[in-house]
Amino acid sequence: MFYRSLIRPILFQQDPEQAHEGTIHLLETLTATQSELLRLAPVQTRAALQTEVAGIKFPNPVGLAAGFDKNGKALPFWHTCGFGFAEVGTITAQPQPGNPKPRVFRYPEQEAVVNRLGFNSEGAEVVAERIERVRRSGFPLPIPIGINIGKTKIVEGEEAVLEDYRAGFQRLAPLADFVTINVSSPNTPGLRLWQEKAKLSALLGMLAQEAKGLPQSVPLFLKIAPDMNQADMDDMIEVALENGLAGLIATNTTIAREGATANMESPGGLSGKPLCEKSLGVLRYLYRQSQGRLPIIGVGGINSAEAAYERIKAGASLVQVYTGMIYEGPFLPRQINSGLLRLMERDGVKSIAEAVGAESG
Ligand SMILES: Cc1cc2nc3c(=O)[nH]c(=O)nc-3n(C[C@H](O)[C@H](O)[C@H](O)COP(=O)(O)O)c2cc1C
C-alpha cells in the first residue's frame with residue numbers, strides 16, 4: 001500500500017532507467033557504508049520455504065531476476081526484501097555502454113515493461129573486483145548469489161564469441177554460487193542464434209569443461225527465451241542434459257506482442273503481466289519434456305504468491321521476479337513468501353519440494 005500510494009507515483013514521474021539508477025545508487029551507498037540495518041535484517045525463511053536445488057541450499061524459493069542489479073552494486077541488500085537468492089548481471093567480459101537511450105519503457109496499465117538496454121555492463125573485471133571486496137570484507141551475504149554472463153556486443157565469429165564467454169566465466173565463476181549462461185536476450189544482435197543446437201552444444205561443452213577446473217562446484221543454468229518452438233526447446237533440453245547443466249531458467253523477455261496493446265510496439269523485450277501466461281506455458285512444456293531431470297527456475301510476470309505457487313506447481317523449483325518489483329514494490333518477495341506459506345498450509349503441502357510439479361499435467 002505504502003509503496004503503491006506514495007513511492008511509486010514519485011518514481012513513475014521519472015524516466016524508468018533514471019528511477020532505477022537512482023534506486024541502485026541509494027542501495028549502493030547503503031551497502032558501501034555497511035549499514036547495521038543490513039546486518040540486523042533477518043533472512044526470510046521457515047522450514048517449509050527452505051529448499052535445495054543443484055546442491056545449493058536456498059532459505060526460500062524467491063529470487064531477484066537478472067538485470068535488476070546488473071553490476072552487483074547492492075548484493076548485501078537483497079535479503080532484506082525477502083529474497084532467498086539474487087542473480088547479478090548480465091555481465092559481459094568487456095565493459096560496454098549498451099544501446100542508445102531511452103531504452104526502458106513502462107506500461108502501467110498492463111503492468112509491463114519493454115527494455116532494449118543491450119547489456120550495458122561495467123564488464124567482468126570491475127564487477128568481479130566489487131564482488132571480491134564484499135566477500136573479503138566479511139560482511140554477510142546470507143543468500144546464494146548467481147552470476148549471469150553474456151556476450152560482448154563487438155565480439156563476432158564463433159571462436160571469438162566462445163573465448164569471450166570463457167573470459168567472463170573464468171573471472172566471475174569463482175565468485176558465484178551458480179552461473180547463468182544468457183543466450184536469450186533479444187537486445188544483442190545475433191545472441192539468440194546461440195540457442196541453436198550445434199552452437200549451444202559448443203558453448204555449454206566449453207563452459208562445463210571450465211567449471212570442472214574450478215576448486216569449488218559451480219552449477220550452470222541456461223536462461224532461455226520464451227519465443228522458441230517445441231523442437232527448439234527439445235534440442236535445448238537434450239544439449240543441457242548432455243553437458244551436465246544444473247538447470248534452466250525460463251524465461252527471458254519476449255519479442256512477441258500478442259495480447260499487448262498497440263502502444264507497446266517499441267522494439268525490445270517485453271516483461272511483466274503480459275508475459276505471465278507465455279512463460280508459464282514454456283515452463284510446463286520444459287518440465288514435462290525433461291520429466292523433472294532438469295530443475296527449472298520460473299520467471300516472467302510473477303507478481304503475487306498465487307502466481308509463484310502456480311509456477312512451482314507447474315514445475316518450477318525456484319522462481320524469480322523483476323517487473324513485479326517495479327509495480328508492487330521492494331517487499332513483494334516477503335509478500336510472496338508469506339502467501340506461499342499460507343497456500344501450502346491450506347493444501348497440506350509440507351515443503352516447496354513437495355509442491356514442485358504437483359500440477360504439471
Ligand atoms: C529492464 C530489464 C532489464 C533486464 N536485464 C536482463 C539481463 O541483463 N539479463 C537477463 O538475463 N535478463 C534480464 N532481464 C529479464 C528478467 O531477468 C526476466 O527474465 C524477465 O523480465 C521476465 O521476468 P519479469 O516479468 O518478472 O520481469 C531484464 C528485464 C528487464 C525488465
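**Helix packing and ligand contacts**

Helix α7 passes helix α8 in a right-handed crossing. The model is predicted.

**α7 and α8**

- Helix α7 spans residues 230–242, and helix α8 spans residues 276–290.
- Their axes come within 10 Å and cross at roughly 50 degrees.
- The two helices are therefore oblique to each other.
- From α7, Gln230, Met233, Asp234 and Ile237 take part in the contact. They meet Val282, Tyr285, Leu286, Gln289 and Ser290 of α8.
- By class, the residues of this contact are five nonpolar, three polar and one charged.

**α9 and α11**

- Helix α9 (residues 305–313) packs on helix α11 (residues 332–347). The angle is about 60 degrees, and the axes are 8 Å apart.
- That angle makes α9 oblique to α11.
- The crossing of α9 with α11 is right-handed.
- On the α9 side, the contact is made by Ala305, Glu306, Ala308, Tyr309, Ile312 and Lys313.
- On the α11 side, the contributors include Gln335, Ile336, Gly339, Leu340 and Arg342. Leu343, Met344, Arg346 and Asp347 of α11 also take part.
- This contact has eight nonpolar, two polar and five charged residues.

**Ligand surroundings**

- An N or O atom in the side chain of Asn148 lies 3.0 Å from a ligand oxygen atom.
- Gly272 places a polar backbone atom 2.9 Å from an oxygen atom of the ligand.

Definitions and conventions. Residues numbered from 1 in each chain as written. Predicted model: local features only at pLDDT ≥ 70, side-chain atom pairs only at ≥ 80, totals over all residues. Heavy atoms only, no water. Axes fitted to C-alpha atoms, helices over the stretch in contact; angles between N-to-C directions. Helix = DSSP H or I, 4+ residues; strand = E, 2+ residues; numbered from the N terminus. Parallel < 35°, antiparallel > 145°, perpendicular 65-115°, else oblique. Left-handed = near helix turned anticlockwise from the far one by under 90°. Contact = heavy atoms within 4.5 Å. Nonpolar A, V, L, I, M, F, W, Y, C, P; charged D, E, K, R; others polar. Polar contact = N/O pair within 3.5 Å; in protein donor to acceptor, adjacent residues only side chain to side chain.
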